[in-house]
Amino acid sequence: MNADLFIPRSLDEALSVVQTHGAGLLVMGGGTMMMAHINEGIFFPQKVMSLARAGLSGVYRNGHTQIGATTHLTDVSQIADYPILAEAAFQIGGPAIRNMGTIGGNLYMPQPAGDLAVPLLAYDAHVELASASASRTISLEDFLAEPRSHRGVHELLVAVHLPDPTGYAAYLKLGRREANTPSVVAVGVRVVMDKQGQISDARLALGAVGSFAFRAKNAEAALIGQSLNTKSIADAAQIAMEESNPFTDALATAWYRRRMVGVFVKRTLEQLAK
Amino acid sequence: MSDNNQMPAIGVSMKRIDAFGKVTGQTPYPSDLNMDGQLWMKMRFSDRVHARVVSIDTRRAEAYPGVVRIFTARDVPVNEYGLVMKDQPVICGPGSTILGADVVRCLADVVAVVVADTEENAAAAAPLIDIEYQDLPTVFDPEDAMQDGAPLLHHDKPNNIIVHYKIRKGEMSEGWAKSDVILEGEFSTGYQEHAYLQPEAGLGYIDEQGRVTVVVAGQWVHEDQEQIYHALNLPPDQVRVIYPAIGGAFGGREDMSVQIVLALAAWKLGRPVKIIWSREESILYHHKRHPVKIRAKWGATRDGKLVAAEATVIGDAGAYNYTTNKVMGNAHLMVTGPYEIPYVQVDTYGVYTNNIMTGAFRGFGGPQGAFAAEGMMNRLAEALGLDPVDFRLRNVIHEGSIMTTGTPPPPGVTIQQTIEAGAIESGAWSHNGQGWQKSITQQPRESYKRRGIGFACGFKNIGYSFGFPEQNWATIELRGAGVIEEVTVRAAGADVGQGAHTIFVQMTAEAVGVPVEKVRLIGHDTAETQTSGSSSASRMTFMTGNAIRGAAELALKKWQDEERPAIATYQYRPPATTTLDKETGYGTPNFAYGYVVEVAEVEVDLETGMVNLVRVTCANDVGKVLNRILVEGQVEGAVVQAQGYAIMEHLVSKEGRVLNPFLSTYLIPTVYDIPVEVKSVLLENPIPIGPWGARGMAEMPFIPLAPAIASAIHDATGIWFDHLPFIPDRIVEGLREHGLGAIV
Ligand SMILES: Cc1cc2nc3c(=O)[nH]c(=O)nc-3n(C[C@H](O)[C@H](O)[C@H](O)COP(=O)(O)OP(=O)(O)OC[C@H]3O[C@@H](n4cnc5c(N)ncnc54)[C@H](O)[C@@H]3O)c2cc1C
């Protein structure tokens with residue numbers, strides 16, 4: 001295969017490659033998805049840019065936490081301040097995938113992959129995007145909901161920004177096997193309790209049960225002002241099921257996925273109740 | 001034969017002779033081989049499930065850079081192949097030598113073959129071939145395919161029925177009248193993909209003696225050779241097939257994939273030609289395990305004696321026979337289990353559809369038959385209030401029992417001993433004066449999880465059945481002067497990864513009476529060996545062992561007569577088998593059986609429907625353990641493969657199209673999913689015709705696992721699940737119907 005390969009040494013260099021070559025350029029983070037497609041002969045890109053040397057890796061803290069786009073999943077799985085992000089990263093693929101795959105690439109993966117969006121939504125993450133001429137920071141929620149065609153082809157994901165975590169969080173992923181398995185459903189929750197033990201703020205994110213990972217906002221609203229008890233948990237589970245919009249694939253039917261939303265919202269909230 | 005102070009070569013866990021090369025990556029597999037001036041091949045498969053190929057226009061593809069040649073149906077001298085029935089065109093399209101070869105009958109049919117200078121160019125050119133199809137009516141459900149007026153796939157098979165086997169033993173109305181309890185059941189089983197490590201690949205070339213040569217991975221070099229010379233209309237000795245290391249097979253390499261087209265291209269072009277299938281191509285274009293539907297009705301007396309059994313078994317062959325008629329024959333024999341049943345009526349069908357072809361896969365119809373047979377046995381035990389072990393022991397066959405085919409089983413019937421050993425060694429059953437008792441299963445802490453333990457048994461033939469010619473050749477050469485310095489054994493049996501070559505060396509050393517270090521093996525190459533038959537039907541150790549013993553005896557005699565080198569060739573033929581009578585099923589279908597028992601412990605998550613296989617005990621009468629570590633490897637491998645079959649593996653096919661042809665969506669168990677313990681209980685009751693008493697054993701541990709798991713799930717939940725695979729969607733649905741685990 002003959003392809004032009006670009007390995008920029010800085011973000012600016014990367015952005016100028018993007019600007020020059022535009023639509024025909026394949027951007028690679030860790031390449032764990034793209035290389036599989038290339039090796040299977042599914043497509044042959046003419047131009048490839050690897051972000052591996054563009055200086056976009058690393059976790060920084062100043063006021064908030066910033067995770068560079070090419071930070072490997074293995075490193076994300078060691079970020080102790082955001083335990084469910086670390087947990088979700090650890091549950092992705094196997095060691096080889098985690099050593100190569102990046103957080104940035106993960107956020108571009110179509111469902112049922114893209115597990116990291118679930119804990120990141122629970123932590124109110126924002127993403128920083130840049131092109132040669134401009135940069136913008138938007139909420140992850142908005143980013144995920146943007147139709148792909150709207151995303152600038154001249155844009156790169158530069159970093160993920162996280163506010164300091166508050167409250168308690170839990171994350172569970174259901175796969176058909178123990179490792180290297182696409183999600184049937186992934187649930188991330190984070191709740192902040194007031195002094196009376198009532199929920200003052202809640203995030204409930206769902207993955208693999210819609211065309212992108214999303215927050216189940218009705219279920220979140222139902223939790224506000226409640227304590228975590230059998231009834232409030234069952235209600236939130238029920239509402240989250242109704243809010244999800246699952247699909248059928250080779251791993252699970254939509255019917256099953258919807259039911260598992262109920263089971264896993266219940267299980268994550270029960271973990272928090274303990 | 002061995003002198004007294006020499007270590008025996010068999011019965012020891014000898015390290016595999018291929019281990020070092022394989023674990024260090026030095027051993028070449030077919031895709032690792034390259035030759036100077038080699039070209040690359042890409043196959044263009046059918047775009048339609050059933051259609052007449054009206055025309056093929058190769059001009060655009062031929063104009064693509066690097067394209068050397070495009071082969072179509074017109075280029076194949078005798079355009080047909082097939083292991084048992086030559087019912088499949090090598091390449092489908094107009095201008096063929098064979099009637100009906102212009103029709104594609106499934107998506108795995110080949111329409112053209114592109115040869116180019118590089119793999120990329122061949123791949124890019126293949127879609128540029130313009131094919132005009134005329135669609136034909138389709139049929140995907142074998143029961144629909146059997147109806148009058150259904151679309152016909154092959155003109156010589158009315159109602160698409162490839163085979164219809166019968167058993168008619170006793171007058172059924174009498175049997176039902178004598179039964180106190182009668183149960184009916186409906187079972188179905190799914191596809192299974194072989195998922196061997198090494199996707200299909202090969203290299204075709206003309207060797208130094210001008211022979212059309214194909215280096216490939218298969219299960220029977222001489223059969224591949226036969227398929228090639230038949231299609232190319234060449235004299236047999238003008239075709240040579242060589243296997244380097246083989247990356248797994250499990251039955252999936254019994255039929256042709258790249259062999260004939262590689263030979264065709266190398267022959268016509270006079271240049272080396274190579275192909276490697278991607279994983280997707282491998283899953284889409286080689287056959288699968290048969291999905292089977294079984295309706296069963298069994299009757300027993302109140303005191304636990306089986307009286308009558310009736311079954312209808314329908315297997316989906318897909319578009320071509322492959323080994324369907326043999327696989328369904330096995331299902332036919334095994335659907336009533338290793339039991340004495342006075343009244344039996346079975347009808348078994350193998351049926352063409354426009355689905356992907358189905359064929360050989362470890363167990364060869366046995367797993368499907370056993371799923372229904374053991375399912376019925378476990379339900380009957382429950383209905384009769386009998387312990388399942390106890391109930392089986394009242395009904396198993398013994399020496400001289402009359403089987404459903406009206407004849408006794410071959411000598412060496414040890415299902416009773418195997419059941420007793422499996423039950424005891426599992427720790428779940430005990431025997432006291434009163435009879436068999438199952439211990440109480442420890443339940444997990446979580447309220448939504450339940451554990452259960454289940455039991456099933458089975459049997460499986462060793463070697464070919466139903467009169468299929470069964471033979472195996474070995475040659476032994478002894479060199480040296482006063483003492484034997486070097487022994488060469490020629491044996492073609494395929495080492496598909498199971499360790500056959502190691503066992504051949506061990507058996508040769510033992511038969512000749514030399515240390516294993518003195519033995520050199522010349523293996524699968526048609527130019528160097530005579531036929532061994534396939535590595536299938538749990539037969540290779542048994543068959544080659546007997547051939548080696550025969551050859552060693554003759555060679556040693558020549559050695560004693562001072563011949564140097566002393567060379568002898570021996571053909572082993574086991575006792576003859578017969579086909580079954582068309583109307584009654586009477587016959588002697590097999591010459592040897594192995595017996596097996598499995599006890600499975602599962603944990604069911606009542607909310608998610610996930611079934612975790614925790615522990616398996618497998619008791620298997622192998623006759624003689626020739627190499628313990630290899631035998632245990634087969635048990636563990638079979639258990640994990642059967643676990644995937646029962647719980648996890650779900651090939652989704654819609655209107656003839658496989659929707660998940662990737663290992664990321666067709667999931668097989670990984671090391672994290674397998675049981676924490678697989679306990680191999682190896683019984684050594686020799687059979688008289690086995691080499692050192694050995695029986696075959698590699699398929700047996702696959703056979704009863706799915707019904708043992710079904711029984712364990714029932715123990716945990718009280719519900720019978722009758723449709724494989726036990727994917728969580730189905731489990732949750734079943735649990736909800738019974739008001740269990742329900743969250744809305
Ligand atoms: C065996 C296996 C198991 C897997 N298991 C999981 C799993 O459990 N959960 C899961 O979520 N995923 C899984 N994946 C999918 C994938 O590997 C991961 O999601 C990984 O994080 C993707 O990251 P990457 O850097 O390798 O992506 P790449 O393959 O490099 O890129 C993916 C996409 O993102 C784009 N992209 C990458 N980085 C940027 C950037 N900075 N700016 C703009 N666009 C960018 C690329 O152009 C491409 O379209 C699995 C994959 C495999 C092969």
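Biologist: Which residue stands opposite Leu25(A) in β3(A)?

Modeller: This is a predicted model. In it, Leu25(A) has Lys47(A) as its opposite residue in β3(A). The two strands involved are β2 (residues 25-28) and β3 of chain A, and they pair in the parallel sense over 4 bridges.

Biologist: How many bridges join β1 to β3 of chain A, and do these strands run parallel or antiparallel?

Modeller: Strand β1 (residues 4-6) is joined to β3 (residues 47-50) of chain A by 3 bridges, and the two run parallel. Leu5(A) is placed opposite Val48(A) of β3(A), and Phe6(A) has Met49(A) as its bridge partner there.

Biologist: In what order do the strands of that sheet lie?

Modeller: The order is β1-β3-β2 in chain A, an open sheet of 3 strands with parallel pairing. At its edges are β1 and β2 of chain A, each of which pairs on one side only. On average, neighbouring strands are turned by 20 degrees against each other, direction ignored. Helix α1 (residues 11-21) of chain A packs on this sheet and touches β1, β2 and β3 of chain A. The direction of α1(A) makes about 165 degrees with that of β3(A).

Biologist: What is the strand order in the open sheet of chain B?

Modeller: There, 5 strands follow the order β7-β15-β14-β13-β8 of chain B, and the pairing is mixed. Strands β7 (161-169) and β8 (181-188) of chain B each have a single partner strand, so one side of each has no neighbour in the sheet. One pairing to look at is that of β8(B) with β13 (residues 292-300) of chain B, antiparallel over 8 bridges. Within it, Leu183(B) stands opposite Trp298(B) of β13(B).

Biologist: Which strands does helix α9 of chain B lie across?

Modeller: Helix α9 (residues 324-334) of chain B lies across β7, β13, β14 (306-318) and β15 (343-352) of chain B, at about 20 degrees to β7(B). Helix α10 (residues 366-384) of chain B lies across β8, β13 and β14 of chain B, and runs at about 145 degrees to β8(B).

Biologist: What area is buried between chain A and chain B?

Modeller: The size of an interface is often given as the accessible area lost when the parts come together. Between chain A and chain B, that area is about 2400 Å², with carbon and sulfur atoms giving 61%. The contact involves 27 residues of chain A and 31 residues of chain B.

Biologist: How many salt bridges does the rule find across the interface of chain A and chain B?

Modeller: The rule finds 3 salt bridges across this interface. Lys266(A) forms a salt bridge with Glu607(B), and their closest N and O atoms are 2.5 Å apart. Between the two chains, 9 residue pairs are in polar contact. On the side of chain A that touches chain B, α11(A) gives the largest share, 9 residues. By class, that side has 15 nonpolar, 5 polar and 7 charged residues.

Biologist: How many salt bridges does the structure hold over all chains?

Modeller: Over all chains there are 55. One example within chain A joins the side chains of Asp124(A) and Arg190(A), at 3.3 Å from N to O. Asp124(A) lies in the loop between α7 (117-122) and β6 (126-130) of chain A, while Arg190(A) is in strand β10 (residues 183-193) of chain A, so the pair ties together parts 66 residues apart in sequence.

Technical notes
Residues are numbered from 1 along each chain as its sequence is written. Chains are lettered from A and ligands numbered from 1 in the order in which they are written. This is a predicted model: local features need pLDDT of at least 70, side-chain atom pairs count only at pLDDT 80 or more; totals for chains, interfaces and linings use all residues. Side-chain values use heavy atoms; hydrogens and water are left out. Two strands pair if DSSP finds at least two bridges between them. Contact means heavy atoms within 4.5 Å. Axes are lines fitted to C-alpha atoms, for helices over the stretch in contact, and angles run from 0 to 180 degrees between N-to-C directions. Buried area is the accessible area (1.4 Å probe) that two parts lose on being put together, summed over both. A salt bridge is a side-chain nitrogen of Lys or Arg within 4 Å of a carboxyl oxygen of Asp or Glu. A polar contact is a pair of N or O atoms within 3.5 Å; within protein, one must be able to donate a hydrogen and the other to accept it, and residues adjacent in sequence count only if both atoms are side-chain atoms. Ala, Val, Leu, Ile, Met, Phe, Trp, Tyr, Cys and Pro count as nonpolar, Asp, Glu, Lys and Arg as charged, and the others, Gly among them, as polar.
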